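Q: Can you walk me through this structure? Keep it short, please.

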Amino acid sequence: MPNVHLTEPMQKYVQAQIESGAYANLSEVVRAGVRMLMERDGARQFYSLKADLEEAASLAENGDFAEFDAHAFEPDAFDR
């Protein structure tokens, strides 16, 4: 993994976080930042999916849909 290069303001912020006891070292600060990005990206995916589902529900409510035939979609599932 490559070294982390921070701007001077970022270095000062990280150092202040370490000195305050919020984090033990730079690695902890970086991990916390990466976790936040992962959470944000998860939220972005959730809201994108939510928008897609709302659009699909709206289309269906307006009659813009096709009947789903489960037997045609997966015929082997019903042979049991």
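A: Start with a definition: helices (H or I, at least four residues) and strands (E, at least two) are DSSP runs, numbered from the N terminus. The expected span of a helix is 1.5 Å times one less than its number of residues. This is a predicted model: local features need pLDDT of at least 70, side-chain atom pairs count only at pLDDT 80 or more, and totals for chains, interfaces and linings use all residues. Residues are numbered from 1 along each chain as its sequence is written, and side-chain values use heavy atoms, leaving out hydrogens and water.

Q: How many helices and strands does the protein chain have?
A: Three helices and zero strands. The pattern along the sequence is α-α-α.

Q: What span should helix α2 have?
A: Helix α2 has 36 residues (26-61), so it should span 52 Å at 1.5 Å a residue. Its end C-alpha atoms are 52 Å apart, which agrees.

Q: What follows α2?
A: G63, with a positive phi near 85°.

Q: New topic. What radius of gyration does the protein chain have?
A: It has 24 Å, while a compact globule of 80 residues would have one near 12 Å. The radius is taken over C-alpha atoms, and the globule rule is 2.2 Å times the number of residues to the power 0.38. The C-alpha atoms fill a box of roughly 65 × 35 × 25 Å along the principal axes.

Q: How much of the protein chain is buried?
A: Buried residues make up 5% of the 80. Buried means under 20% relative accessible area, exposed over 50%, partly exposed in between (1.4 Å probe, protein chains only).

Q: And V30, where is that?
A: V30 is in helix α2. It counts as partly exposed because its relative accessibility is 31%.
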